[in-house]
Structures are given as C-alpha cells and as structure tokens.
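This briefing goes through one protein model, topic by topic. Keep the structure open while reading and find each residue as it is named.

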Amino acid sequence: MNLTYRILVGMAAGIVLGILVQNAAGPDSFLASVIVGDVLDVGGRLFIASLQLMVVPLVFVSLVCGASSLSDGASMGRLGGKTLLLYLSTTAIAISLALSLALIVSPGEGAAGVTPAEYTPKPTPDIKETMVDIFPTNPIAAMAEGKMLQIIVFALLLGIAIARAGESGARIKGFFQDVNEILMKLITMLIQLAPYGVFCLMGKLFSEVGFGQIVQLGQYFFTVAGTLLIHATVVYPLFLVLLARVSPVTFFTKIREPLLVAFSTSSSGATLPVTLRTVQERLGVHNEVAAFSVPLGATINMDGTAIMQGVATVFIVQYFQVDLVFADYLMVVLTATMASIG
C-alpha cells in the first residue's frame, strides 16, 4: 500500500477505535484512561512535534535557496506581488462566500436569544506596529520563538545578499542547497510515521467529541463545513484552470498527502514540511517559487479561518438580534482579509 492509503487506513481505524471507546467503554474505563489518555495522546503529540521541529529550519533554508536563485530583483518583485495578490484575493473571496451563505442559511436565527453578553475585545493591532514587527531585530530569537513572518523576511534578505555576493555567495548558496536536500530527506523519513500519528490523533479526538455536540450547533457547523467545501471544490479549481492551466483532478490527486495530514493535524504549520516536499517533488514546482510561496501561504493565506470568522459573525449577530448594514459586512470582509496577514 502506498502512503496515502496507509494514512486513510490509520484515519479510519482511529475513528472506529475512538467511537468504540466513547460508546462502549466509557470515559472512566481502562481503554479511555490508558489507551486513549496516555498511549494515543503521546503518539499524536509526538507525530505533530516531529513535523513542527522541521518547520523553522525548512522555511529558513528553503527561502534562502529560493531567494538566492532569484538573483534578479525584478523577478523577486513580480513573484512577491503576484503571490500576495493571489492570497489576498482568495481570502477576500472566502470571507465574502462565507457571509453570503450564512445570510442565506441564517444559522443563528433558530437559536436566537437575548442572553446578555459581556465581552471585552483585545485592542486592535496598530497597522504601523504590525508592519514594523515583521522585520526582526534578532533573527535568532525569531527562529527560537517561531515568528514566521520575521523568519521569512530575514531569509529573503539573506538570500538576496547571497545572490549578489559573487564567488563567496556561490559557496554559501551551495551549502544551503546541500542542507535543503538533507532536510527534504529527513521529511521523507518522518512522513512515513504519518499513518500511526493520524491513527493516534483520530482515536483521541473521536473518543472525546460526541455527535451530540455537533447537533447542538448543527446549522452553524454545516454552514462552515459547506462553505469550506465550496471554496475547496469550486473557487480553487477555477483558479487552477484559469490561471495555472492545470487540471484540478490531477492537482488534487498529486497533493492528497498534505490534505490528509492537514485534516488530521488541523495545523497548516505542522503540514508545511509535507506540503513543500509534495509541491516540489510531485507537482514539479521550481524550488525558488515553492520555497517562497508555500511558507508565506501557510503563514498569511488563512482562507479557512476567514470562512469561520464570516459564518461566526452572522451567527452571533443573528443570535443576539443585532442589525448590520451592507457597509458593516464590507468592513468584516476587509478586517478578516487584513487579519489573515497580521
């Protein structure tokens, strides 16, 4: 069996085990406390940790390699501009689609109430400070703390400097390319553990979450899930056909492993090493393009979060019977799009 089928088997087995533990064994049983609470929990957390340990070195080294290969500043500018425009466009479409479907379905009207709510929002981040914070004062500290935007900026600047440093830069570029090859081999080793990690994650999840919890917020849940499905099966394929001239069937067939890992881990950051490996080795994207666009997309292109925010906004205003006008919804679109970057 290839890796994809083994991941699917691990996912299905974990779901079955989780449901059996919850419905047959009970929360206080030996299975729940030892098998799920200890063994599966440790296995799932170790799997995610093994992927996360790769994120910072992989993003840094890949971006340095990519930026040093794009020695032409105009090429870097065109790539960066197109990438940012694409990410902002898909996020804006995602939040608009979420608001539209939520207004049609009205998930909050069935549960409408006037329960008083006390909530103090966090202060809105200042745009000026957000822009300043993107540039690291200490790149080593940024790597230690996992501040991805700062890592991306430093790696791009270092890569451009290497490209312009002549013979010395060529030697350093060769070193980073060798390190990148080693990291890709390490990812290949770690991803072989995916079926076992997915089994542990699914087993623990379905032993704790009951379908009753989903039914309580059924309209909200299915509105979010439906919007996600439409965005993935309609919006993205349209971009693939119109902009990339790529068959959506071919694309989704080749990128199935990152999709399964992402579904199991619920983390774009943890899935990043698998995505980068698949994009380069199975889709044939050049390293300098993949190394720039994939880490940046995993950091700022949060379409799923934007969809959740859009549906949640409509659900909350309907539940608390708050009237919003068209201008308010436009502000939600703008705010959610910008928040995906910040």
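The axes of helices α12 and α13 come within 9 Å and cross at roughly 175°. Axes here are lines fitted to C-alpha atoms, for helices over the stretch in contact, and angles run from 0 to 180 degrees between N-to-C directions. The model is a predicted one: local features need pLDDT of at least 70, side-chain atom pairs count only at pLDDT 80 or more, and totals for chains, interfaces and linings use all residues. Residues are numbered from 1 along each chain as its sequence is written, and side-chain values use heavy atoms, with hydrogens and water left out.

**The pair α12 and α13**

- Helices (H or I, at least four residues) and strands (E, at least two) are DSSP runs, numbered from the N terminus.
- α12 and α13 are therefore roughly antiparallel to each other; angles under 35 degrees count as roughly parallel, over 145 as roughly antiparallel, 65 to 115 as roughly perpendicular and the rest as oblique.
- On the α12 side, the residues that meet α13 are Glu-257, Pro-258, Val-261, Ala-262 and Thr-265.
- On the α13 side, they are Ala-270, Thr-271, Val-274, Thr-275, Arg-277 and Thr-278.
- Residues of this contact between α12 and α13 divide into 5 nonpolar, 4 polar and 2 charged. Ala, Val, Leu, Ile, Met, Phe, Trp, Tyr, Cys and Pro count as nonpolar, Asp, Glu, Lys and Arg as charged, and the others, Gly among them, as polar.
- Thr-278, a residue of α13, is buried with a relative accessible area of 1%. Buried means under 20% relative accessible area, exposed over 50%, and partly exposed in between (1.4 Å probe, protein chains only).
- Leaving aside neighbours within four places in sequence, Thr-278 is in contact (heavy atoms within 4.5 Å) with Lys-254, Ile-255, Pro-258 and Leu-283.

**Salt bridges**

- The whole structure holds 5 salt bridges. A salt bridge is a side-chain nitrogen of Lys or Arg within 4 Å of a carboxyl oxygen of Asp or Glu.
- One of them joins the side chains of Arg-277 and Glu-257, at 3.6 Å from N to O. Arg-277 lies in α13 (residues 268–281) and Glu-257 in α12 (residues 256–265), so the pair ties together parts that are 20 residues apart in sequence.
- Both Arg-277 and Glu-257 are buried. Salt bridges with shared partners join Glu-257, Arg-277 and Glu-281 into one network.
- Another salt bridge links Asp-41 and Arg-45, at 3.2 Å from N to O. These two residues are 4 apart in helix α2 (residues 30–69), which means that about one helical turn separates them.
- An α-helix has 3.6 residues a turn, so residues three or four places apart point the same way.
- Asp-41 is buried at 16% relative accessible area, whereas Arg-45 is exposed at 58%.
- Lys-147 and Glu-145 also form a salt bridge, with their closest N and O atoms 3.1 Å apart. Lys-147 is partly exposed at 39%, and Glu-145 is exposed at 54%.

- α14 is mostly covered, with 11 of its 14 residues buried; among them are Phe-292, Val-294, Pro-295 and Ile-300.
- Leu-296 is found in α14 (residues 287–300) and is buried at 8% relative accessible area.
- Apart from residues up to four places away in sequence, Leu-296 touches Thr-83, Leu-84, Tyr-87, Leu-149, Ile-152 and Asn-301.
- Leu-296 and Gly-80 are 216 residues apart in sequence and 9.7 Å apart in space, C-alpha to C-alpha.
- The expected span of a helix is 1.5 Å times one less than its number of residues. For the 14 residues of α14 this should be 20 Å, and the end C-alpha atoms are 20 Å apart, which agrees.
- For the 26 residues of α7 (residues 166–191) the span should be 38 Å, and the end C-alpha atoms are 37 Å apart, which agrees.
- The buried residues of α7 include Phe-176, Leu-183, Met-184 and Ile-187.

**Positive phi in loops**

- Ser-106 is not a glycine, and its phi is positive, near 55°. Ser-106 lies in the loop between α3 (73–105) and α4 (127–133) and is buried at 12% relative accessibility.
- Gln-321, also not a glycine, has a positive phi of about 55°. Gln-321 lies in the loop between α15 (303–319) and α16 (326–341) and is exposed at 52% relative accessibility.
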